[in-house]
Amino acid sequence: EPEERPLSHEEIIESIKRAYNPRLEEHLMSWERDALTWLKKVLWSHEWLNPKRHRVLPLDFVIPVTRLWTDPTFVAQYNAKIPNPMDLTTLECKLTSDPPGFRSLKDFLDAASSIFENAMKANRESYEANDTVGILYHTAGEHLAKFVRYSSCEFFHPLGYGNEGGWDFSDAGAKATRDEMDGKFMHPTGSGWEVSMDPSRKELYQWGEKEVLKILKVLKSNKYHKDMKAFKAPEYPVDYDLYITKRCDIYILEEKLQNRQYTNFKEVVEDLRLIFLNGLNYNKHFREVNPINNLVYEAAERMLPILDGKLNQLRLDCVNRLGMQKIERAYRADKQFDASMQAKEDVERKEREKIESVANARSNHLISIQEYEKVKAGERPDAASYEKIKQEQIEKVMEEKKQAEEAERRAEEQAKKEAEERGLRMRMTDRAINAEVEATAMRDTQEEVEAREREEELEREKQEEAVKVAKERKDGTFLK
């Protein structure tokens, strides 16, 4: 019978979906709808997890591992290590299935995180053995498990979720998670902020600069025009600096961006928030007596949470990007190292084949002569002696190769020594020439000094003669 054709990636996904009875979205509970939205808009959109996007790394968390690698030995070993396997397709199917596959948001998020924790656990041994694929899946799993925790906090905390049995989306839990991310995002040198330094291009084109420009574009949009009028390029009151130590508005921030004055995300974030914090701190003193101050104060109150929401997303994107870049650089370096080692092994293999080919040719010639002599003498050819002859010829060829390499090394050393001697002779010749030039220059200089002294002596004599003549004219002795 013909062999069964292996299923494609899309066919495996369809076969998984057919195993579940899905519910309509309107029949889902509220937490299930929120979880489905997070799964589709956040997790599925991650660059490493979206099957429709070009991926730098050969990662696949979309279908079960045992459907990717179907070798029976591997499947048995994997199932022994991972008793509760999970993948993204199964996760979504279980969330919407009838009956429900998860009892709570905690169960769902535990399952989502287990996809990547399983990758770490299954590849721990190969990771410790410095296997390239093992290192990739272990480090990628660790990064994506953190991404699940960070992104779920940013998604579910604004929706009012609290402590979901270990997944703390309360105000305190969200602050702790953001503080952990700020260890990288607000780091003075390790935040990943890069500055556009090409003088031929006026536009800002680095990732961080463009993300900040996107936030500014949202703040300046018609949607927030009414609230942002006081913060774009305001006319500051005369007593403003008595209450505010550092001015900041949209115009000042854009100018600092264009002049490449920011060196990290921390500086940009502080200036962005300062725009509205200054509005609160100044206008709180006068809002009770001046309606304009009250309007500006209320506008700052409305805009600061909107800005913080954008900064929370920027923080998540920045930390995710830093982790991805680190893993992708390491993977490319490992691949280059593996390629160089493979090339080295190929060269060594070709050398061995060449040696064996020469040795076989020689030994075959000797064996043919020996066989002829033995047959002629009525003796039976001995296979063991033939093998010994082949081994001796291989050793002889290798010894000849070694001697040739040694002769080549000695020739290179001799050539290097001769080159050094030529260089030494040239340097000595150059020194002699330079010494001669210096001596000639000194002689020329001495002759010039003596000529100048003679000229000065003649000039003195002329002056003395002129003084003498003038004195004689004065005394009248010159006419006598």
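Mentor: Buried means under 20% relative accessible area, exposed means over 50%, and partly exposed lies in between, with a 1.4 Å probe and protein chains only. This is a predicted model, in which local features need pLDDT of at least 70, side-chain atom pairs count only at pLDDT 80 or more, and totals for chains, interfaces and linings use all residues. Residues are numbered from 1 along each chain as its sequence is written, and side-chain values use heavy atoms, with hydrogens and water left out.

Trainee: Is glutamine 258 buried, exposed or partly exposed?

Mentor: Glutamine 258 belongs to helix α13 (residues 250–258); helices are DSSP runs of H or I with at least four residues, numbered from the N terminus. Its relative accessible area is 40%, so glutamine 258 is partly exposed.

Trainee: Which residues does glutamine 258 touch, not counting residues up to four places away in sequence?

Mentor: Contact means heavy atoms within 4.5 Å. With residues up to four places away in sequence left out, glutamine 258 touches Lys202 and Leu204.

Trainee: How are α2 and α6 oriented to each other?

Mentor: Axes are lines fitted to C-alpha atoms, for helices over the stretch in contact, and angles run from 0 to 180 degrees between N-to-C directions. Helix α2 (residues 30–43) packs on helix α6 (residues 105–122) at about 20 degrees, the axes being 10 Å apart. Angles under 35 degrees count as roughly parallel and those over 145 as roughly antiparallel. Therefore α2 and α6 are roughly parallel.

Trainee: Which residues of α6 meet α2?

Mentor: On the α2 side are Trp31, Ala35, Trp38 and Leu39. Their counterparts in α6 are Leu105, Phe108, Leu109 and Ala112.

Trainee: How are α5 and α6 oriented to each other?

Mentor: Helix α5 (residues 88–96) and α6 pack at an angle of about 170 degrees, with 10 Å between their axes. The two helices are therefore roughly antiparallel.

Trainee: Which residues of α6 make the contact with α5?

Mentor: From α5, the contact involves Leu88, Leu91 and Leu95. From α6 come Phe108, Ala111, Ala112 and Ile115.

Terms used: Parallel < 35°, antiparallel > 145°, perpendicular 65-115°, else oblique.
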